[in-house]
Amino acid sequence: MTTARTNDADRQTHAQHYEVLRELGDCYTSVGNYDQAQRCYEKAASLGPDEPGPYVGLGVAAMQKDKLDDAEIAFRVACRLDPRCAKAHAGLAMIAQQRRDFPLAFDLYLKSLELDTDSIAALLGMFQVSCEMGSFAKIIYYLEVYLRMHPGDTSVMFALAALYLKDGQPDQSKTVLLDLLALEPTHRDAANLLEEVRHTLAGTA
Amino acid sequence: MTAPLVMPDSSNAPRDGRSARCHRVSAESAKRGPLVTVLLPTYNRRRCLAEALVSVLRQTYRDLEIFVVRDGGEEVSDIVRSFPDPRVVFIDRKDNRGKPFSLNEALARARGKYVAYLDDDDVYYPGHVRALVDALEGPTDCRAAYSDLYKTSCEAAPGQDRRVLSKHVEISRDFDRFLMLHFNHVLHVSLMHRRDLLDRTGLYNEQLNILIDWDITRRLSFFSDFHHVPAVTGEFYSPVGESDRISCRQRKDSQEYLRNLLAIRTTRPPKPWPKMKDLSIILLVDRPDERTVNVMLRIWRYTFYPYKLLIPLSAADIGRLNVQMPNVEFVPVNSLSSPAERVDAVLRRCEGDYVAIVAGNAAVEEMWVERPLYTLMHSTAREGFLLEGATPQSWAAVLRRTDLDQARRAHVHLPVEASLAAADIRVRRPKEEELPFQFDDLLLQAKLAEADGDWIAAARLFERMGERFGNQLWMKEMAARAYFEAGDHPRAGRLSGQVNLERPTVDTLLLEAKVCRRQQDFSTAIRLLTQAEQMLGPHVYSPAHPERNCCSI
């Protein structure tokens with residue numbers, strides 16, 4: 001018989017206060033209260049100085065307040081603390097994108113996606129940057145990979161369909177849009193795009 | 001305001017001496033409620049003492065007498081004097097005599113109906129004393145009560161504030177007398193008991209230097225049930241890294257630990273014991289030899305249930321057996337007497353409610369007698385239970401003394417085992433489900449399931465345990481956490497919400513908030529997390545900013 005002496009003998013004792021503040025920061029970010037989010041992330045960072053999470057949060061809050069330099073510093077600290085932090089790379093990519101440095105933004109989104117293939121923010125950011133640069137091959141590949149892993153994600157399906165059309169592949173675009181509308185028949189943008197694809201196909205016939 | 005009452009060095013003062021200077025009773029105390037004595041011994045923790053004392057002075061329950069006992073070490077009179085409250089009695093002793101001595105020193109002067117305890121690095125929340133007084137003054141026959149406390153992990157550099165890293169409720173178990181004999185599940189700082197219980201238990205054992213609190217709660221459990229108030233009413237600190245607690249350092253000395261442990265386990269407060277049944281162990285040996293001594297020593301080492309060891313021997317053999325151990329009584333018998341006659345001789349003078357009969361070659365190890373004894377205590381049938389390792393050649397069992405007495409009187413010429421059978425008293429082995437500490441065994445199973453990643457199995461076990469064994473808030477919290485990990489967020493949210501309605505803790509608020517956040521209910525999540533953050537907030541004495549410590553008492 002082993003007498004269970006404590007409720008949490010196996011529990012990390014150090015993480016709790018940090019976790020409360022980080023969660024609170026994330027909630028404030030979600031409701032757009034970036035000042036409170038910043039306060040929470042700063043306290044969390046002091047309690048978990050080796051954790052990248054609060055710095056990512058600080059970066060997001062600073063970006064939302066249009067303080068791109070502050071945001072960049074925060075994301076860079078997060079990257080230094082954890083070079084495999086996908087969110088920090090995505091944050092740096094967003095800053096590059098806002099500064100219209102699209103090639104750099106593309107590379108950073110790519111890095112972020114390599115670290116976290118599930119990152120929808122990186123994927124959609126990469127999509128936007130690709131549209132700005134007019135080069136679609138790489139992003140199409142990543143969207144296809146993503147959809148193989150998340151076959152019902154209609155936002156990515158729509159992006160992929162749009163890219164196929166821009167890349168001169170209306171047949172593939174039509175297939176994806178029909179699948180999308182089967183999943184979400186009221187998707188107005190998809191219906192409109194399908195109309196456009198049909199016109200294109202009719203024009204080329 | 002009156003200055004705190006300062007006692008001179010009183011280590012040589014008579015224990016029962018109640019100095020007239022100590023007799024300061026608030027004129028209103030009789031009207032408002034019973035007087036509660038709070039004992040606050042201190043040794044070399046100047047930096048924490050003020051915070052501890054402030055937490056007592058801030059109690060919403062006002063009828064207190066507060067003994068601050070300096071047990072040598074650093075000078076603290078300046079700190080105590082900085083709180084000009086007539087309820088504070090300061091015993092300023094320069095030599096270090098240990099915590100039990102300090103507690104006894106204050107208890108000798110205490111006048112409260114109830115006694116509560118606070119260590120110099122811990123704090124009460126303002127409602128602590130009120131919650132326990134209400135529990136004890138309410139409709140209960142318990143004369144002791146306890147609440148839950150946060151274990152607060154913190155880090156602090158010299159001269160800096162303590163920084164709180166986490167607050168967990170580490171122990172929240174309903175009172176269990178059998179468990180109390182094995183493990184102290186009542187934190188001393190959360191304890192309040194009637195002072196007159198100490199007339200029965202005796203004072204603190206000044207020979208102990210660790211497990212002092214368990215010693216007193218164990219002895220209290222002979223005389224009273226304990227009322228569990230499921231509310232977090234204070235904190236005890238746990239510094240990150242090497243603990244400065246004296247008890248922690250001394251626990252590392254295994255010999256010293258064992259000495260203390262055995263001293264506690266063999267303490268038998270004076271009878272009658274209204275809440276504890278006594279156990280007599282009869283050790284039957286033909287001729288005492290080295291093996292007998294070994295068995296006796298193993299009984300001493302491994303038995304945690306209160307017992308008295310009775311050994312029927314011839315006068316010559318008693319003279320030959322040289323063993324120094326407590327709670328042993330030799331019963332003189334004729335050297336030619338049979339085992340049954342020896343048992344009969346012991347029974348004539350044995351006080352135990354239960355009797356274990358053990359052969360001289362018995363296998364004595366952890367729980368050797370407690371397992372069948374527990375089963376017997378919970379049996380309503382007329383039966384006894386074989387001890388582990390009992391064989392037909394080496395028969396060993398535990399029985400109710402009344403049953404054994406009756407069987408022996410009715411069938412005095414039969415061997416013991418045969419007399420029991422003749423008296424229709426069945427002796428059998430306990431079934432697995434009848435053994436003690438079922439709750440702990442299931443808890444271990446649930447923890448193993450968690451470690452294997454089988455969160456659903458763990459959650460269901462926790463829920464079942466709560467239904468069957470009590471400790472409901474604790475089990476609900478554990479189940480909620482397991483369901484969350486399993487991805488069943490609605491159930492995790494429901495369970496943690498139920499706990500938060502009754503006894504919100506940082507952990508349960510955090511868990512419910514995580515569920516709300518995942519359900520996009522950010523406003524509720526923010527409310528819960530803000531509450532959690534407040535709970536984690538500074539409850540600190542700030543040596544760096546002394547002005548912050550001035551409280552409006």
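Modeller: Starting with a strand pair, β5 (residues 114-117) of chain B and β9 (residues 191-194) of chain B are antiparallel and joined by 3 bridges. Strands here are DSSP runs of E of at least two residues, helices are runs of H or I of at least four, and both are numbered from the N terminus. Two strands pair if DSSP finds at least two bridges between them.

Biologist: Which residue in β9(B) does Tyr114(B) stand opposite?

Modeller: Tyr114(B) stands opposite Arg194(B). β9(B) is also joined to β7 (residues 144-155) of chain B, antiparallel, by 3 bridges. In that pairing, Ala145(B) stands opposite Met192(B).

Biologist: Before we go on, where do the numbers and cut-offs come from?

Modeller: This is a predicted model, in which local features need pLDDT of at least 70, side-chain atom pairs count only at pLDDT 80 or more, and totals for chains, interfaces and linings use all residues. Residues are numbered from 1 along each chain as its sequence is written, and chains are lettered from A and ligands numbered from 1 in the order in which they are written.

Biologist: What is the pLDDT like in chain A?

Modeller: Chain A averages 90, and 93% of its residues score at least 70; pLDDT is the predictor's confidence in each residue, from 0 to 100. Over residues 1-11 of chain A it stays under 50.

Biologist: Back to chain B. Is β11 buried or exposed?

Modeller: β11 (residues 279-284) of chain B is largely enclosed by the rest of the structure, because 6 of its 6 residues are buried. Buried means 20 or more other C-beta atoms within 10 Å of the residue's own, exposed means 12 or fewer, and partly exposed is in between, with C-beta atoms placed from the backbone. Both faces are covered: Leu279(B), Ile281(B) and Leu283(B) lie on one side, and Ser280(B), Ile282(B) and Leu284(B) on the other.

Biologist: Which strands is β11(B) joined to?

Modeller: β11(B) runs parallel to β12 (residues 307-313) of chain B, with 4 bridges, and parallel to β14 (residues 354-359) of chain B, with 6 bridges. Leu279(B) has Tyr307(B) as its bridge partner in β12(B) and stands opposite Tyr354(B) in β14(B).

Biologist: Which non-glycine residues have a positive phi?

Modeller: Among them are Asp66(A), at about 60°, and Asn471(B), at about 50°. Asp66(A) sits in the loop between α3 (53-64) and α4 (68-81) of chain A, and Asn471(B) in the loop between α18 (455-469) and α19 of chain B.

Biologist: Are those two buried or exposed?

Modeller: Asp66(A) is exposed, with 9 other C-beta atoms within 10 Å. Asn471(B) is buried, with 23.

Terms used
Contact = placed C-beta atoms within 7 Å.
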